[in-house]
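The sequence and coordinates come first.

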Amino acid sequence: MKTKYEDKNISANNFEQCTKCTICTAYCPVVEVNPLYPGPKQAGPDGERYRLKEPMYYDMGLKYCLNCKRCEVACPSGVRIGDIIALAKAKNGPKIPKLRDVVLANTDFVGSVATVVAPVVNTTLRMGAVKKVMDVTLGVDHHRTMPAYASQKFTTWFRKEAAAKQREFERSVTYFHGCYANYNYPQLGKDLVKLLNAIGYGVNLMEGERCCGVAKIVNGLMKDATRDAKRNIGQMRRAVEMGDQIVTTSSTCTFTLRDEYEHVLGLDNSDVRDSISLATRFIYRLVESGQVRLAFREDFRMRAAYHSACHIEKLGWSIYSTTLLKMIPGMELIMLPSQCCGIAGTYGFKKENYKYSQAIGRPLFDHIEKLGVEIVTTECETCKWQIEMSTSAKVMNPISILAEAIDVEKTRELNK
Amino acid sequence: MKYDVIIAGGGLAGLMCGIALQREGRRVAIISSGKSALHFSSGSLELWNGAGGSLEKIAEEKPTHPYAIVGTEHLERYSNLTKDIFAAAGVTLTGDYGCNHLRLSPIGAMRPAWLTVNGFYTVTNEDELPKGKVVVVGIEGFLDFYPEYVADGLRLKGVECEVAAVTLPALEVLRESATEMRGVNISRALRGDVVEQLAERVNAVSAGAELVLLPAVFGLGDEDALERVAARVSCQVKVVPTASASVVGVKMQRQLTEYFTLLGGTFLPGDKVKSYRVEQGLIAGVCTHNHGDVEFRADSFVLATGSFFGRGLVANPDGVYEPIFGADVDYDADRAEWCSKSILDTQPFQRYGVKVDSHLRVSIESTTIDNLYAAGAVVGGADAVKEGCGAGVVVSTALMVAEEILGRTLCETNVK
Ligand SMILES: Cc1cc2nc3c(=O)[nH]c(=O)nc-3n(C[C@H](O)[C@H](O)[C@H](O)COP(=O)(O)OP(=O)(O)OC[C@H]3O[C@@H](n4cnc5c(N)ncnc54)[C@H](O)[C@@H]3O)c2cc1C
Ligand code: SF4
Ligand code: SF4
C-alpha cells in the first residue's frame with residue numbers, strides 16, 4: 001500500500017514532513033545556553049522554506065549549530081534538521097572561511113606537519129603567550145588546551161612494527177584510523193590492532209586514507225570535503241571488494257563516512273555503507289554469534305562512566321560498546337545521562353563559541369565530578385579533550401579499555 | 001540482540017508496558033523513533049468524559065472499543081497501578097478512578113480528567129470555581145500561552161477574571177530569538193533568585209486576587225520553582241497547561257524513561273523498527289534503521305507506535321495502514337467518510353487503528369499473531385478527543401499487554 005506514494009513524495013531531508021510540533025527545540029543543547037541561536041525548528045525546516053524562496057533570508061545565527069543531531073534523534077517526524085542546517089550553511093552561509101576555520105578544518109594536513117615537530121608544537125601550544133596570540137590572531141579561545149600531537153604517527157608505527165605480522169592471519173579487516181588516532185593518539189590504533197589480533201583478525205590500512213572530512217563539512221569547506229570523501233569511498237570500495245569490513249574507532253568518522261557523505265555531500269556510498277562499522281560493533285557481532293570468544297584478565301579492575309557522544313546517540317550504537325564493557329568481570333560501568341559535552345569537534349575551539357561550549361557541558365562535568373569516577377569512556381575524541389580539560393577524569397575509548405582488560409594469550413587460545 | 005520483550009514506540013504506552021514488565025524481572029528493550037505525544041500533555045490523564053455514553057455499557061454498545069476488550073472491571077486496578085508507577089518515577093498524580101475532576105484547558109474550557117499532575121488548577125465541580133477575583137498572569141513574549149483565552153473561558157462561567165503579563169531580565173534575554181520564547185526555555189531560566197523575582201512580579205499584579213493562574217512552565221530549572229513561587233505569592237497559585245512542547249510532558253517523558261532505564265531496561269532513542277521476520281507463525285525478530293542487519297530477537301513483541309502523529313498509523317489516498325507489520329487496520333473504506341466537514345464534529349479518523357483480539361493481539365492478513373500485541377493510541381476503536389479517553393486507553397492497554405505477556409495479573413503490592 002505504501003510504495004505507490006510514500007517513496008515518491010519525500011522531499012530532501014524530509015523537510016516537508018515537519019508538523020511544527022517544536023519538540024526539537026526542547027532538545028537542542030545550544031538553545032539551552034545561547035539566546036542568539038534561532039533553534040532547530042527555525043534554523044532548519046522553518047527557515048528552509050524562506051531560504052528556498054530567497055537566499056537572503058539566511059540567518060547568521062546558524063553558525064552556532066553544533067551539528068550534534070540531537071534534534072534529529074528527538075524529531076517524531078524523521079526530519080533531518082541537522083542536515084538541513086549544515087547544507088544551508090554551505091549553500092547560503094559566508095563564502096570565504098576564516099583562516100582559523102581552515103586551520104581547524106584541515107586536521108590531516110595540520111596533523112601531518114605537527115607530528116614531525118611534535119615536541120615543539122606541543123610545548124608551544126601550551127605556552128600562555130602563544131595561546132594569547134592564537135586567541136587574538138586566529139580566534140582560537142585561549143582557555144582551550146590544544147590537543148597534543150604524537151611524535152610518531154600511527155601509520156608510521158604500523159608500517160614499521162605491525163604490518164608484516166598482519167599477514168599471518170587468515171581473516172582480516174580494514175581499519176579507518178582517522179586523524180586523531182594517526183596524529184594525536186596512536187595508542188588507540190595500537191590498542192585496536194592488539195585486540196583484533198587477539199581474536200584472530202589481521203588489520204589492513206587503506207592506501208592514502210584521507211580525513212573523513214567532518215571538520216571541513218562543518219566549516220563550510222565542501223569542495224575539499226568532497227574531494228577527500230571521494231577518495232575514501234574509492235579506497236573503501238577496494239577494501240570491501242577484497243572481502244574486508246571497515247572498522248573505525250571514532251564515532252564521528254563513522255557517522256560521517258556512513259551518513260554525512262550521502263546526506264550532506266550528496267555522494268553515493270550505498271555499496272560500502274553497510275560494511276563500515278565501529279570496531280565495538282564489529283567485535284560484538286562476532287561475540288554474539290559465537291564466532292569469537294573473549295577472555296579477560298582476572299586482576300583487571302575499573303570503575304568507569306560511559307558518556308554517549310552526540311554522534312553515537314545519532315548512530316544509536318552505544319549499546320555495542322557498553323555491552324562489551326559489561327562483559328569484563330572487573331568492570332563497574334555507570335551510564336552518564338545522555339547529553340552533549342559542548343565541544344562538537346572544532347566548534348568549542350572557536351573564541352565566539354567557547355563560553356557556550358562550556359555552558360553546554362557544565363551539567364555533564366558536574367555529574368562526572370559528583371560520581372567521582374577516575375575514568376570516563378566514550379568513542380569520541382573531541383569529547384575526550386573537552387571532558388579532560390573540564391573535569392579531573394581521564395577519558396578512554398572503549399577499545400583501549402578492552403585492550404587493557406583482555407587476556408591476550410587466553411583469548412588467542414579460545415579463538416584458534 | 002536477544003530480549004524477553006521488544007516494544008516498538010517509547011511514548012506513554014511503550015513506557016508503561018516496559019516499566020511494568022521490567023519491574024517483574026523481564027528483560028525489555030524499547031525502540032523509539034522520536035519523542036512522543038507526551039510532549040503535548042495537558043498534565044492530565046483522561047479516562048472517560050461521558051460524551052461517548054456510559055462506561056458500564058461499553059461492552060454492549062461499542063464492542064470493539066479498547067475498554068470493552070480490557071474489561072471495565074479492571075480499570076480501577078490499572079488506575080491505581082498507573083499512580084503507583086508514576087509515583088515511583090517521581091511524578092505525583094492526584095485524582096481517583098471513578099470520580100472525574102475538572103481541569104482547565106489552554107483555551108479556558110473546563111474538561112473532565114481523572115488523574116492530574118500536582119500544581120495544576122482543578123476543581124471537583126463548577127460550584128467550586130472561585131467567588132473572588134482570578135488573575136491570569138502570562139509572560140511577555142511567550143508564544144504558547146494566551147491569558148486572554150483562559151480568562152474568557154472563566155468569565156463565561158461567571159468568574160471575575162483579569163489578565164496581566166510579567167517579565168524579568170532573565171526571561172527578556174530569551175527573546176533575542178523570538179521564536180525560542182518557549183515553555184522549555186522559560187522553565188530552564190526559572191532557577192535560583194529568578195524564581196523569587198518572578199514571585200515578586202506576580203504579587204505586584206495580583207493584589208486582591210483569590211487565585212493566580214500561571215502557565216505550566218516550572219520544573220526544568222529548579223525542581224521546586226512552583227512551590228517557591230506559591231510560597232511567596234499572597235494568594236493561591238496554580239498552573240494551566242500551555243501549547244506544545246509542554247514542560248510537564250517533557251518532564252514526564254524524561255522521568256518515565258529514566259525510571260525504565262534504572263530498572264535495567266534498554267531504551268534505544270531515535271531508531272525506527274523497519275522490518276520483521278516470522279518463524280512458524282510467530283514474530284522472531286525485528287530490524288531497525290540504525291542497527292541494519294543486527295536483528296532484535298524476543299519472545300514477545302509490542303506495537304506501541306501511537307496514532308497518526310508518531311506514524312504508528314499512516315494514511316495515503318488508498319487507505320490507512322500500519323507501516324511496520326502491515327497489521328490489519330480498522331478504517332472506513334470510503335475515503336469521504338474519514339473526516340467531517342466541521343472541525344468541531346466527531347472525526348471518524350480518530351477511531352482508526354489496528355484490530356486486536358480479546359488478548360490485544362494483532363493480526364496480519366486476518367491471521368492472529370500469538371506473540372505480537374498492540375497497546376496505546378495505535379489500537380483502534382476509541383476516539384480520544386470526543387470520549388476524553390486518551391491516556392486511559394493507553395495505560396489500560398499497556399498494562400493489560402504486560403499481564404498477557406506475564407500470564408498473570410499485576411498487583412500494586414508485589415511491585416517495587
Ligand atoms: C496533540 C495531542 C495531545 C494529547 N493530549 C492528551 C492529554 O492531555 N491527556 C490525555 O489523556 N491524552 C492526550 N492525548 C492522547 C494521546 O494519544 C495519549 O495520551 C498518549 O500520549 C499516546 O501514547 P502512545 O504511547 O500510544 O503514542 P505516542 O505518544 O504517539 O508514542 C508512539 C511512539 O512510537 C514511535 N514510533 C512510531 N513508529 C515507530 C517505529 N516504526 N519504530 C519505533 N518507534 C516508532 C513514535 O515516534 C512515538 O515516539 C493527546 C494526543 C495528541 C496527539
Ligand atoms: S521535532 Fe521535527 S516535526 Fe517537530 S518542529 Fe522539529 S523538525 Fe518539525
Ligand atoms: S544539530 Fe544540535 S545544535 Fe544543531 S540544531 Fe540540532 S540539536 Fe541544535
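## Terms and basis

Buried means under 20% relative accessible area, exposed means over 50%, and partly exposed lies in between, with a 1.4 Å probe and protein chains only. By that scale Asp83(A), at 1% relative accessibility, counts as buried.

This is a predicted model, in which local features need pLDDT of at least 70 and side-chain atom pairs count only at pLDDT 80 or more, while totals for chains, interfaces and linings use all residues. Residues are numbered from 1 along each chain as its sequence is written, chains are lettered from A and ligands numbered from 1 in the order in which they are written, and side-chain values use heavy atoms, with hydrogens and water left out.

## Confidence

The scores of the model are ipTM 0.93 and pTM 0.93. For chain B the average pLDDT (the predictor's confidence in each residue, from 0 to 100) is 95, and 99% of the residues score at least 70.

## Salt bridges

A salt bridge is a side-chain nitrogen of Lys or Arg within 4 Å of a carboxyl oxygen of Asp or Glu. Over all chains there are 46 salt bridges. Asp83(A) takes part in one with Arg80(A), at 3.1 Å from N to O. Arg80(A) counts as partly exposed because its relative accessibility is 22%. Both residues belong to a network of salt bridges that also links Lys69(A) and Glu260(A).

Helices (H or I, at least four residues) and strands (E, at least two) are DSSP runs, numbered from the N terminus. Within helix α3 (residues 39–53) of chain A, Glu48(A) and Arg51(A) are three residues apart, about one turn of the helix. Their closest N and O atoms are 3.0 Å apart, in a salt bridge, and both residues are buried. In chain B, a salt bridge joins Arg103(B) to Glu46(B), with the closest N and O atoms 2.7 Å apart. Arg103(B) is in strand β5 (residues 101–104) and Glu46(B) in the loop between β3 (44–45) and α2 (58–61) of chain B, so this pair ties together parts that are 57 residues apart in sequence. Arg103(B) and Glu46(B) are both buried.

## Ligand surroundings

A residue is near a molecule or strand if one of its heavy atoms lies within 4 Å of it. Around ligand 3 are residues including Cys28(A), Cys65(A), Cys68(A), Cys71(A) and Lys69(A). For the classes, Ala, Val, Leu, Ile, Met, Phe, Trp, Tyr, Cys and Pro count as nonpolar, Asp, Glu, Lys and Arg as charged, and the others, Gly among them, as polar. The shell of ligand 3 has 10 nonpolar residues, one polar and one charged.

Ligand 2 has 13 residues around it, of which Cys18(A), Cys21(A), Thr22(A), Cys24(A) and Cys75(A) come nearest. That shell divides into eight nonpolar, three polar and two charged residues.

## Aromatic contacts

Rings of Phe, Tyr and Trp (its six-membered ring) pair if their centres lie within 6.5 Å; planes under 30 degrees apart count as stacked, over 60 as edge-to-face and the rest as tilted. By this rule there are 19 aromatic pairs over all chains. The ring centres of Trp338(B) and Tyr352(B) are 6.5 Å apart and the planes are at 80 degrees, so the pair is edge-to-face. Trp338(B) and Tyr352(B) both lie in the loop between β20 (329–330) and β21 (353–354) of chain B, so the pair ties together parts that are 14 residues apart in sequence. Both Trp338(B) and Tyr352(B) are buried.

In chain A, ring pairs join Phe154(A), Trp157(A), Phe158(A) and Tyr175(A) into a cluster. A charge sits over a ring if NZ of Lys or CZ of Arg is within 6 Å of the ring centre and within 35 degrees of the ring normal. Lys384(A) lies over the face of Tyr185(A), 4.7 Å from the ring centre.

## Backbone geometry

The peptide bond from Ser244(B) to Ala245(B) is cis, with omega near -5 degrees. Ala245(B) is in the loop between β12 (236–240) and α10 (247–262) of chain B.

Asn14(A) is not a glycine, yet its phi is positive, about 55 degrees. Asn14(A) is in the loop between α1 (3–6) and α2 (29–33) of chain A, and counts as buried at 17% relative accessibility. Ser366(B), also a residue other than glycine, has a positive phi near 65 degrees. Its loop runs between β22 (361–364) and β23 (367–374) of chain B, and Ser366(B) is exposed, with a relative accessible area of 68%.
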